[in-house]
Amino acid sequence: MRVIRNIFNLSFISVEIGILVICLCNAWVFGLTNGRTYTKISKIPPREIALVLGTSPKMRSGLSNPYFTKRMDAAALLYHHGKIKKIIVSGEKSKGYNEPAAMKNYLVNQEGVPGDIIVEDPKGFNTYKSILRCKDVYKKKDVIIVSQGFHNLRALFFARNNNMNALGFDAQDVSKPESYYRNQFREILARVIAVVYFILGISPD
C-alpha cells in the first residue's frame, strides 16, 4: 500500500507541477504582449506593413477555411483604412500547395487590394519562421501581425523576443464551439512550447 500511495502522491505532484508550468508560461506570453493586440480598426496605430500568417485556404471537406478568409478580411481592412501600405503573406509553399499564392489571389480578387503591394513569403512553414523571415529576410520590424487572437499572442511573443516593434490585429474568430475550444486548448500548449524553446535558445522547426 505504501508503494501505491507513493506512486499516487508522485503522480499528483507531477500534475500540479505541470499545471503550474502551463499557467506560468501562458502568463509570461500574456504579460509580454499585453496591450499590443487590437480588434478595432480605429484603435490600431498605423504601420508600414502587415504580416499575414498563413493557413490552409480549404478545409478537408473542400469548403473555404473560415480562418483563412477572416485573416484576409482583416488584412484588407487594414489596407483600405490606410493603416498599412504593404502586405507580406507568409505561409507554406510545397508541391501542389501554395498558401502565399492563395492569400494574394484572395486579397486581389475578393478584397480589391492591389497586387503590387503584396509580397509572397513561400517559406513561412510555421509561426516562428514567418516572424523571423519578416525581420531577417524582408528587413521589417515595425509590423502589424494578422491572425486570429489566440494565435496572435504567440506570434507577438516571438516578435517581441526578436526585438520587433510588432502589433497584432485580431481577425474574427470562428464561432463553432468545437473549433474554438480545440484551437484555444492547442494554443495554450503551443505557448508553453514557445516559452521553453525561448528559454533553451532553440529555434522551433
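1. In this predicted model, the largest nonpolar core has 24 residues, and those that touch the most other members are Ile44, Val52, Leu78, Ile87, Leu107 and Phe169. At least two residues of this core come from each of β2 (49-53), α2, β3 (86-90), α3, β7 (143-148) and β8 (167-171). Helix α2 gives the largest share, 6 residues. Another core lies apart from this one; it has 22 residues, including Leu153, Phe157, Phe158 and Ala194.

2. Leucine 107 deserves a separate look. If residues up to four places away in sequence are not counted, leucine 107 touches Met72, Ala75, Ala76, Ile87, Val89, Gly112, Val113 and Ile118. Among these, Met72, Ala75 and Ala76 are buried residues of α2.

3. Next, strand β2. Of its 5 residues, 5 are buried, and the strand is mostly covered. In a regular strand, side chains alternate between the two faces of the sheet. In β2, Ile49, Leu51 and Leu53 point one way, while Ala50 and Val52 point the other way. Both sets are buried.

4. Which way do β2 and β3 run relative to each other, parallel or antiparallel? The two strands run parallel and are joined by 5 bridges. Within β3, isoleucine 87 is the residue that stands opposite alanine 50. Isoleucine 87 is also listed among the core residues that touch the most other members.

5. The loop between β2 and α2 holds asparagine 65. Asparagine 65 has a relative accessible area of 9%, which is under the 20% limit, so this residue counts as buried. Neighbours within four places in sequence aside, asparagine 65 is in contact with Thr55, Ser56, Pro57, Lys58 and Met59. At the start of α2, one of its side-chain oxygens comes to within 3.0 Å of the backbone nitrogen of tyrosine 67.

6. Helix α2 covers residues 66-80, 15 residues in all. From first C-alpha to last, the helix reaches 21 Å, close to the 21 Å expected at 1.5 Å a residue. Its buried residues are Tyr67, Phe68, Thr69, Arg71, Met72, Ala74, Ala75, Ala76 and Leu78. After α2 comes glycine 82, with a positive phi near 70°.

7. How many aromatic pairs are there? The count is 4. One of them joins phenylalanine 68 and tyrosine 106, with 5.8 Å from centre to centre and 85° between the planes, an edge-to-face arrangement. Phenylalanine 68 belongs to α2 and tyrosine 106 to α3 (residues 99-109), so this pair ties together parts that are 38 residues apart in sequence. Are the two partners buried or partly exposed? Phenylalanine 68 is buried, with a relative accessible area of 3%, whereas tyrosine 106 is partly exposed, at 21%.

8. A further ring pair is formed by tyrosine 128 and phenylalanine 158. Their ring centres are 5.1 Å apart and their planes are at 80°, so this pair is edge-to-face. Tyrosine 128 sits in α4 (residues 127-136) and phenylalanine 158 in α5 (residues 149-161), so the pair ties together parts 30 residues apart in sequence. Tyrosine 128 and phenylalanine 158 are both buried. Ring pairs link Tyr128, Phe157 and Phe158 into a cluster. Two of these residues, Phe157 and Phe158, are among the members of the core of 22 residues.

Technical notes:
Residues numbered from 1 in each chain as written. Heavy atoms only, no water. Helix = DSSP H or I, 4+ residues; strand = E, 2+ residues; numbered from the N terminus. Expected span 1.5 Å × (residues − 1). Buried < 20%, exposed > 50% of the residue type's maximum accessible area, 1.4 Å probe, protein only. Polar contact = N/O pair within 3.5 Å; in protein donor to acceptor, adjacent residues only side chain to side chain. Phe/Tyr/Trp six-rings, centres within 6.5 Å; stacked < 30°, edge-to-face > 60°. Core = buried A, V, L, I, M, F, W, Y, C linked by side-chain atoms within 4.5 Å. Contact = heavy atoms within 4.5 Å. Pairing = 2+ DSSP bridges.
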